[in-house]
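The plan is to look things up one at a time and jot down what turns up.

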Amino acid sequence: MSAVRSSADRAPLRMVPMTQRSLDAVLMIEQSAYAFPWSTGNFVDSLGASHVCQLLCDAHGTVLGYFVALPGYEEMHLLNITVAPAEQGKGLGLRLLETLVRLCRPWAARELWLEIRPSNQRAMRIYERFGFEAKGVRKGYYPAALGTREDAIVMGLKIAAAAQGDGDALE
């Protein structure tokens, strides 16, 4: 699987389960998107622990984005959501979020949780537009430049409210 392809020659998109075989493409995106990317081990552990791991691919099998989420009792915790840098700004992050909300239902998750860097204002706006609300702060959660740490804003989304608010977009 290649990690990047022009949107001009892309056929309809599809969601597929992440597998060990797709990790090269996932890691290529992860490393190009973040200063402090997840390691191969993070993804391998998530797959081994049966986390909810999905890829957004075009008809050619090119990975455009992905998410990893941890199901819990009546909740889902979004651990990682990433769109390839060349594909950002095209609504693919929203498509990934919509898919995750749909997948929350079979798990009987009532709320979807995530952490986000306060410095990631672009993603923060997307989450807020989607209906997430800030719930708290985790001090020193993320690694940052020069060995420092950055706080995380904890955000939550009520699944029933997300389903009602977006209607057909989540169906």
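This is a predicted model: local features need pLDDT of at least 70, side-chain atom pairs count only at pLDDT 80 or more; totals for chains, interfaces and linings use all residues.

**Entry 1: Gly-93**

I started with Gly-93, which sits in helix H3. Setting aside neighbours within four places in sequence, I find Gly-93 in contact with Ile-81 and Val-83.

**Entry 2: the overall layout**

Next I stepped back to the whole chain. I count five helices and seven strands. Going along the sequence, the order reads β-α-α-β-β-β-α-β-α-β-β-α. The chain has 171 residues, and 43% of them count as buried. I then looked at contacts between residues at least 6 apart in sequence; 63% of these join residues at least 24 apart.

**Entry 3: the largest pocket**

How much space lies in the largest pocket? I get about 1,000 Å³. Its lining takes in 34 residues, and the closest to the pocket centre are Tyr-34, Ile-81, Asn-120, Ala-123 and Tyr-127. Ile-81 was already in my notes as a contact of Gly-93.

Helices H1 (23–33), H3 (92–104) and H4 (121–130) each give at least two lining residues, and so do strands S4 (75–83), S5 (111–116) and S6 (133–143). S4 has the largest share, with six residues. Sorted by class, the lining comes out as 20 nonpolar, seven polar and seven charged residues.

**Entry 4: nonpolar cores**

As a general reminder, nonpolar side chains tend to be buried together in soluble globular proteins. Here the largest nonpolar core has 29 residues. Those with the most contacts inside this core are Met-76, Leu-78, Leu-112, Ile-116, Tyr-127, Phe-132 and Met-155. Strands S2 (52–57), S3, S4, S5 and S7 and helices H3 and H4 each give two or more residues to this core. H3 makes the largest contribution, six residues.

Leaving out residues up to four places away in sequence, Ile-116 touches Ala-123, Met-124, Tyr-127, Tyr-142, Asp-151, Ala-152, Ile-153 and Met-155. Tyr-127 and Met-155 are also on the list of core residues with the most contacts. There is a second, separate core too: it has 16 residues, including Leu-47, Cys-57, Tyr-66 and Val-68.

**Entry 5: salt bridges**

How many salt bridges does a search of the whole structure find? Seven.

Arg-110 and Glu-74 pair up through their side chains at 3.6 Å, N to O. Arg-110 is in the loop between H3 and S5, while Glu-74 is in the loop between strand S3 (63–72) and S4, so this bridge ties together parts 36 residues apart in sequence. Arg-110 is exposed at 56% relative accessible area, and Glu-74 is partly exposed at 28%.

Glu-87 and Lys-90 form another bridge, at 3.1 Å, N to O. Glu-87 is buried, with a relative accessible area of 1%, whereas Lys-90 is partly exposed at 39%.

Arg-117 and Glu-150 come in at 2.8 Å, N to O. Arg-117 belongs to the loop between S5 and H4, and Glu-150 to strand S7 (residues 149–158), so the pair links parts 33 residues apart in sequence. Arg-117 and Glu-150 are both buried.

Most residues other than glycine have a negative phi. Which loop holds Ser-50? The one between helix H2 (40–48) and S2. Ser-50 is not a glycine, yet its phi is positive, about 60°. I have Ser-50 down as exposed, with a relative accessible area of 53%.

Ala-108 also has a positive phi of about 60° without being a glycine. Ala-108 lies in the loop between H3 and S5, and I log it as partly exposed at 46%.

How values were computed
Residues are numbered from 1 along each chain as its sequence is written. Side-chain values use heavy atoms; hydrogens and water are left out. On a 1 Å grid over the protein atoms alone, a cavity is a set of points where a 1.4 Å probe fits but cannot get out, and a pocket is an open set with protein on both sides within 12 Å along at least five of seven lines; lining residues have an atom within 4 Å of a point. Grid points are joined across faces, edges and corners, and a volume is the space filled by probe spheres set on the points. Helices (H or I, at least four residues) and strands (E, at least two) are DSSP runs, numbered from the N terminus. Ala, Val, Leu, Ile, Met, Phe, Trp, Tyr, Cys and Pro count as nonpolar, Asp, Glu, Lys and Arg as charged, and the others, Gly among them, as polar. A salt bridge is a side-chain nitrogen of Lys or Arg within 4 Å of a carboxyl oxygen of Asp or Glu. Buried means under 20% relative accessible area, exposed over 50%, partly exposed in between (1.4 Å probe, protein chains only). A nonpolar core is a set of buried Ala, Val, Leu, Ile, Met, Phe, Trp, Tyr and Cys residues joined through side-chain atoms within 4.5 Å. Contact means heavy atoms within 4.5 Å.
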